[in-house]
Structures are given as structure tokens and as C-alpha cells.
Amino acid sequence: MDSQSYLPVPPGVGMEENFLSLDDILLSHERLPSRTECLFPRLGYLEKSTDSQDIQEGTKMELPLWLAKGLYERKRRVVSIELPKVYREGWRTVFNADPTVVDLHKMGPYYYGLGSQMLHFDSPENPEIAQALLQTFIGRFRRTMDSSQNAYNEDTSALVDRLDTLERGLFKMGQRGLNSFQGWEKGKASHLTASALVLNYRKRKMTDLQA
Amino acid sequence: MDPAEVEFLAEKEIVKIIPNFSLDKIYLIGGDLGPFNPGLPVQVPVWLALNLKQRQKCRILPPQWMDVDKLEEVREMERKEDSFTPPPSPYYMELTKLLLNHASDNIPKADEIRTLVKDIWDTRIAKLRLSADSFISQQEAHAKLDNLTLMEINTTRSFLLGSLNCMFKLRSNMQPGTSAGKAPDY
């Protein structure tokens with residue numbers, strides 16, 4: 001049955017993040033190359049390359065997304081964020097040419113999520129980034145659908161390898177639909193199986209206790 | 001929805017049986033089930049027919065559409081047309097499985113029927129995937145699909161809705177003005 005007592009919070013919609021979603025929390029750990037625009041006094045211990053007590057203006061650092069989002073201000077320039085290379089012009093033309101060959105898991109397992117979050121940082125290329133994300137998804141949709149619906153009872157790790165986290169969720173949903181249909185067709189619904197809990201628990205018998 | 005739930009709904013369909021016992025009319029909440037006389041056909045829902053068959057109290061007559069020639073025609077039409085043809089019965093997949101599992105001795109050419117129904121199912125599912133793919137790639141707002149049975153919709157439902165959700169997420173990025181909750185400028 002589909003109802004669960006624990007419903008995981010799904011990742012947020014587009015530019016929003018769900019505060020309680022585990023996927024979004026993991027996503028915000030991705031690091032972005034950025035450049036400080038002003039002095040950070042007495043925070044030198046965070047920057048291991050130089051030995052000074054403060055972080056100087058213009059230092060290039062890698063900040064995680066949650067920190068970068070919090071510090072980013074359009075008017076008072078604290079940090080400036082550079083786009084990771086996956087979202088830049090060069091890679092965008094690759095995605096336009098053929099989205100299916102790219103290994104999205106290697107490009108950062110949260111390609112779509114991080115791309116949506118990058119739109120917060122007001123880069124002039126925002127519309128192109130949004131368009132590229134959408135087109136990549138549409139291009140890869142057919143492959144994901146076919147592989148999830150046709151792989152029954154086999155090792156799917158080769159298929160899932162090149163998919164980003166969002167696509168893996170979709171793949172799993174497709175697999176679940178396929179497996180439940182095939183299971184029904186074989187008549188598994190009327191076949192009683194012992195629950196995994198009981199098998200693992202291995203209750204001690206009274207005779208063992210008394211001996 | 002589980003396939004088992006869809007099967008449960010399919011068991012409401014009416015099928016003809018020939019009982020070998022006699023019983024007066026029974027009055028159930030869902031309707032009346034007519035008097036049972038041995039040797040005379042009577043119409044009952046599938047759940048009752050299967051139960052009686054398992055207790056060896058009746059013989060099930062195959063429904064009108066469960067015939068090799070008719071199913072072959074349906075299969076040919078399905079392969080020719082691009083859109084969905086009306087299915088032999090709104091629950092053809094479930095009824096085939098139930099009747100062929102429990103009452104295959106009463107149904108002539110059961111194996112051929114099973115193969116034909118599987119072919120029809122495969123063709124329809126392939127058409128469904130094709131139309132889902134064109135739906136997504138052309139970013140349509142809505143699509144109308146006639147003549148789909150509940151079982152087919154059920155197998156594709158979670159995947160299609162999930163991918164449409166993702167598309168919606170990615171499309172909402174293109175209109176930054178409508179997103180609420182941007183960090184306020186001090």
C-alpha cells in the first residue's frame with residue numbers, strides 16, 4: 001500500500017527551498033566559487049591559504065550555498081558569486097547539442113537544484129540558465145522514462161549512474177509503478193510472506209528461556 | 001493506487017454464470033441477485049462468480065468480448081490507429097487475469113486469449129508513453145486522452161505526475177517576478 005506513516009518532505013519548487021527537505025539541505029552544501037568584496041575582520045582562520053588575521057578584500061574562496069545565499073546582497077556588496085563552470089556558456093552549448101550523453105551525476109549530483117538556486121544571485125545570464133535547465137530536463141526525459149519502465153528485475157546501477165538526483169527520484173517512481181504492476185500480474189498480492197521484522201527478530205522460545 | 005485496488009474495483013463487473021445449485025433471490029445492498037436454478041444462466045458480479053467457481057458450484061461463461069477473433073480485430077485496430085481505440089472492456093486486463101486464472105477450463109483457447117490481451121496491453125502502453133513524451137517535449141499545458149482504462153492510468157500515474165512536477169519547478173524559474181520570499185534588501 002502506498003500510505004506511509006512517515007512522509008519525507010520533497011525538495012522545494014524552483015527557486016524556493018523547503019526548509020525541512022533533506023534533499024535541499026544536502027543541496028545547500030554544494031560549494032560555489034566566490035570572491036569577497038569587502039574585508040572580513042578577524043575571520044582569517046577560515047582562510048587556510050593566507051596567515052593574516054582578517055580575510056582581505058578580493059580573496060577568492062569556495063563558499064557553501066547556504067552561506068553564500070545568506071551573505072549575498074545586491075546593494076551592499078559583501079560577496080560576489082561566480083557561476084560554476086557547468087552553468088556557463090561552454091557547457092550550455094554542450095547541453096543544447098545533446099543532453100543525453102552528459103553524466104549529470106558527476107557534474108554535481110544536484111544539477112537542477114543548484115541551477116535553480118543560482119538564479120538568486122542575479123547573474124546577467126539568468127534567463128539562459130533557466131532555459132538551459134528546462135531544455136536539458138526535457139531532452140533527458142525520454143531516456144529516463146524508457147529505462148525506468150523497461151528494466152524489470154535487473155541491476156539498474158549502470159542506468160542510474162549518469163542521472164542527477166532529481167532524475168533518480170523520477171526513475172525510482174517509475175520503477176515502483178512497474179514493479180507493483182508486475183507483482184500484481186504474478187499474483188503476489190494474494191501470496192502471504194513473513195514480514196522482514198519477524199524474520200530478523202528471531203524470537204526466543206519459552207523452552208530456551210526455561211533451560 | 002495499488003494494482004490490487006484496481007482489481008478490486010474490476011470485480012464489480014457483471015458476468016454470466018450457470019449455477020448447479022438452486023437458491024432464491026438474494027437481496028444485497030448493491031442490488032438483487034436473481035434466483036439461481038441449476039442449468040439456467042444468471043448474471044452476477046465477478047467476485048461472486050469467482051467464489052462460486054472455487055467452491056465448484058457454477059460454470060463461468062466467457063464475456064462477449066473474450067473471443068479470439070474479436071480480440072484479433074481489436075489488436076489490429078489498435079496497431080493501425082495512432083490514438084487509443086475503445087478497449088474491449090473498461091477492465092479488460094483485470095478480468096482476463098482473474099477469469100483465466102480461476103476459470104480457464106470454461107474459456108476456450110485460453111492461452112491465445114492471454115497472448116492477444118497482452119499484445120493489446122503492450123501496444124496501448126507504448127502509445128501512452130509516446131504521447132507522454134510528446135506532451136513533455138512540447139511543454140503542452142494539458143492533454144486529452146480518451147479510451148484509457150484505469151489500470152493503464154494507474155501504472156503511469158506516479159511517474160508522469162512526478163515529471164510534470166519537475167517541469168513545473170523548472171519552468172517557474174523562468175518567471176522570477178512571481179517567486180515570493182526573496183531576501184529583502186536592507
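# A tour from B:Pro3 across two chains

Select B:Pro3, which sits in helix 1 of chain B. Helices here are DSSP runs of H or I with at least four residues, strands are runs of E with at least two, and both are numbered from the N terminus. This is a predicted model, in which local features need pLDDT of at least 70, side-chain atom pairs count only at pLDDT 80 or more, and totals for chains, interfaces and linings use all residues. Residues are numbered from 1 along each chain as its sequence is written, chains are lettered from A and ligands numbered from 1 in the order in which they are written, and side-chain values use heavy atoms, with hydrogens and water left out.

**Stop 1: around B:Pro3**

B:Pro3 has a relative accessible area of 5%, so it is buried. Buried means under 20% relative accessible area, exposed over 50%, and partly exposed in between (1.4 Å probe, protein chains only). Now show its contacts, meaning heavy atoms within 4.5 Å. Leaving aside neighbours within four places in sequence, B:Pro3 touches A:Ser180, A:Phe181, A:Trp184, B:Met151 and B:Asn154. B:Pro3 and B:Leu150 are 147 residues apart in sequence, yet 9.5 Å apart in space, C-alpha to C-alpha.

**Stop 2: helix 4 of chain B**

Select helix 4 of chain B. Nine of its eleven residues are buried. Among them are B:Tyr92, B:Glu94, B:Lys97 and B:Leu100. What covers them? The cover includes helix 7 (165-186) of chain A, and from chain B helix 1, helix 2 (46-54), strand 5 (58-60), helix 5 and helix 6.

**Stop 3: B:Lys53**

Move to helix 2 of chain B and pick B:Lys53. Its relative accessibility is 13%, so B:Lys53 counts as buried. Beyond neighbours within four places in sequence, B:Lys53 is in contact with B:Cys58, B:Ile60, B:His102, B:Ala103, B:Asp105 and B:Asn106.

**Stop 4: where the chains meet**

Show both chains. Here 39 residues of chain B are in contact with 40 residues of chain A. The area buried between them is about 3,700 Å², with carbon and sulfur atoms giving 66%. Buried area is the accessible area (1.4 Å probe) that two parts lose on being put together, summed over both. In chain B, select B:Arg129, B:Phe159 and B:Leu170: these lose the most area to chain A, together 20% of what that side buries.

Next, pick B:Asp133 and A:Arg142. Their side chains meet in a salt bridge (3.1 Å, N to O). The term means a side-chain nitrogen of Lys or Arg within 4 Å of a carboxyl oxygen of Asp or Glu. The rule finds one across this interface.

Helix 1 (3-10), helix 4 (92-102), helix 5 (110-137) and helix 6 (150-172) of chain B each supply at least two residues of the side that touches chain A. Helix 6 gives the most, with 13 residues.

**Stop 5: the cores**

Nonpolar side chains tend to be buried together in soluble globular proteins. A nonpolar core is a set of buried Ala, Val, Leu, Ile, Met, Phe, Trp, Tyr and Cys residues joined through side-chain atoms within 4.5 Å. The largest one has 42 residues, and those with the most contacts inside it are A:Leu32, A:Ile81, A:Tyr87, A:Tyr111 and A:Phe121. Helix 5 (126-150) of chain A is one of the contributing elements. The largest share, eight residues, comes from that helix 5 of chain A.

Centre on A:Ile81. Neighbours within four places aside, its contacts include A:Leu32, A:Ala68, A:Met118 and A:Phe121. Apart from this core lies another, of 40 residues, among them B:Leu50, B:Leu95, B:Ile125 and B:Met151.
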